[in-house]
Amino acid sequence: MKKVALAAMLAAALAGCSKQEEQVLNLYNWSEYMPQTVLDQFTEETGIKVVYTTYDSNEAMYARLKLLDESSQYDLAVPSTYYVNKMRNEGLLAPIDRSKLSGFDNIDSTLVNLDIDPGNQYSVPYLWGTTGIAVNGDAIDPATVTSWADLWKPEYQGRIMMMNDVREVFHVGLRVLGYSANSTNPEEIEAAYSKLAELMPGVRTFNSDAPRMPYLEGETDIGMIWNGEAVMGAEDLPALTYIYPQEGAIVWFDSFVIPKNAKNVEAAHKFIDFMLRPEIAAEISTDIGYATPNLPARELLDEEVKADRAVYPAAEDMVNAEVQEDVGEALLVYEKFWEMLKAGQ
Amino acid sequence: MLLVLLPNLLVIGASFMTRDPSDFLSLPLTLDNYRRLMDPLYLQVFLHSLYMAAVTTVLCLLIGYPFAWALARVDKRWQTLLMFLLIVPFWTNSLVRTYAVKLLLASNGLINSALQSLGITEAPITMLYTEGAVIVGLVYLLLPFMILPLYAVFEDLRRELLLASHDLGAGRLATFFHVVLPLTLPGVIAGVLLVLLPAMGMFYVADVLGGAKNLLVGNVIKNQFLDARDWPFGAAASVLLTLAMAVLLLAHRLSRRRLGEEGET
């Protein structure tokens, strides 16, 4: 009898579960790119559970979405700058219903209606940031470092950290030589390769997963970093300093998009709208150290964060800065030289 | 059978196709991908990868051989415990274990902190992001694959044979080289095969512990699939790796046949 009762209880419990049908939002995002507190708050308010899956490069994210297009594994993804364009053109994205987003007008007007997505039919900007130089002030005086070219100084060899990203690394090589970081000219790319090849023996590690870690591990003292990673890293290593190189930082911004076959489009819209709330956007920017495009959110930031030039650069920091663009088939040229760099040829 | 064959056939098929920027694969069929693999760049990567894998294999063999021997000899209770310890790491994802090795080797990691606080070294020793670190990681991950087949042959190695060898006047060394080694050779070969080829493909170990610098063949394949989105080329590279494995297996088969014939004469 006891058993029967137990079984009945179990059945009732199971039925209860299926009736409520726990809603799930599958979010595909960069690693450590959203504070857990914000995700928890969203779940608390809406009852929708967020499953956060991560990637460490646009290429990986793109290949995954492209392949799993039919199985609709993700409801929301966060591609960078020109990948929005690429994915939109290839019909991988579902249009965003603006009527479900109350906070869209909060976004800085200089970051909407760009070439990558005219009218923002498919994307909503999330955060923007830069790639510049990180210096461990305990080992190197940050005041002596002003440009990408400084990485080539003999005293830093063996202590250098570079991104594990072909476009970002070649940005450095191209800018040091005075070329555009979006060059599609094979000769310029080859020249950048030759320049970077001189640097390779001094590079300690490549990392695009958590680029602050080699500095915190004590393995590297100078090199590339994303500004937000520099801000996060400074919590553990206060001497970690972010520097805007003279030749120009790399500028990128990441946007929410909904994959074409997303299962839970409704929840995806709810989530984007939640992200557009000024207090949420401000919390994210404060916590992970990237700049929010949300103007009312910027008003809510602490003076300390607002004044942190690593997060919110001054106009002079952005001189020469360049936004990453799609280089089309020239990517194969980059890849070829990238492999030669890595193989130490 | 189908589950084994189908993915491989797909890879082989893909390796003859042409790269397509948005659909990954397209016609026409071509041998171009294999021609590109003949580039000295990839030959160099292959040789370097082979070197790393060979060092790993030798180390695994040096550690695994005595361990497997001991494992087959200790009494049952110890055996169960040691076996259990050997299997337990498999319950944790190998990528997670690779990160654990990283925590040990970092400049302010456990080993360096311990050495410094004990006053043995003054400055941290550079261990992480070197070839040595990659090899430590590979040996750590692959050692069980060397031990298990060796353990199997040592289990079958009958003690009477060793006693007989002794009685017939052979010393310890002679017994080892004339009795133990030939009888355990199949286990050695199986272990070598199970370590050598996977070692060449473990790209994440090179990424995490080698600072993504020491390219293994596996890194090239992964980069082509994920970053360059050149699937046909990546497929061609992985077909070649599989072929290398097939050649080794064939050599194994041939050598065993030769050994077998020698045994009969």
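Guide: Two residues count as in contact if their C-beta atoms, placed from the backbone, lie within 7 Å. Here, 14 residues of domain 1 of chain A are in contact with 13 residues of domain 2 of chain A. One caveat: this is a predicted model, where local features need pLDDT of at least 70 and side-chain atom pairs count only at pLDDT 80 or more, while totals for chains, interfaces and linings use all residues. Residues are numbered from 1 along each chain as its sequence is written, with chains lettered from A and ligands numbered from 1 in the order in which they are written.

Visitor: How do you know where domain 1 and domain 2 of chain A are?

Guide: The bounds come from an automatic or database domain assignment. It gives 2-128 + 253-306 for domain 1 and 129-251 + 316-342 for domain 2. Their C-alpha centres lie 29 Å apart.

Visitor: Which elements give two or more residues to the side of domain 1 that touches domain 2 in chain A?

Guide: Those are helix H4 (81-89) and strand S5 (124-136) of chain A, with helices (H or I, at least four residues) and strands (E, at least two) being DSSP runs numbered from the N terminus. H4(A) gives the most, with four residues.

Visitor: What is the phi of A:Asn320?

Guide: About 75°, a positive value although A:Asn320 is not a glycine. Most residues other than glycine have a negative phi. A:Asn113 also has a positive phi, of about 60°.

Visitor: Over to chain B: at what angle do helix H3 and helix H7 pack?

Guide: H3 (residues 40-73) and H7 (residues 131-156) of chain B pack at about 40°, with axes 6 Å apart. That makes H3(B) oblique to H7(B), because angles under 35 degrees count as roughly parallel, over 145 as roughly antiparallel, 65 to 115 as roughly perpendicular and the rest as oblique.

Visitor: How many residues of that contact of H3(B) with H7(B) are nonpolar?

Guide: There are 23 nonpolar, plus two polar and two charged. Ala, Val, Leu, Ile, Met, Phe, Trp, Tyr, Cys and Pro are the nonpolar class, Asp, Glu, Lys and Arg the charged one, and the others, Gly among them, are polar.

Visitor: What makes B:Thr175 partly exposed?

Guide: B:Thr175 has 18 other C-beta atoms within 10 Å, so it lands in that class. B:Thr175 lies in helix H9 (residues 172-201) of chain B. Not counting residues up to four places away in sequence, B:Thr175 touches B:Leu162, B:Ser165, B:His166, B:Ala170 and B:Val180.

Visitor: How many of the residues of chain B count as buried?

Guide: That label goes to 32% of its 265 residues. Chain B has 12 helices and two strands, and its C-alpha trace spans about 70 × 60 × 35 Å along its principal axes.

How values were computed:
Axes are lines fitted to C-alpha atoms, for helices over the stretch in contact, and angles run from 0 to 180 degrees between N-to-C directions. A residue is buried if 20 or more other C-beta atoms lie within 10 Å of its own, exposed if 12 or fewer, and partly exposed in between; C-beta atoms are placed from the backbone.
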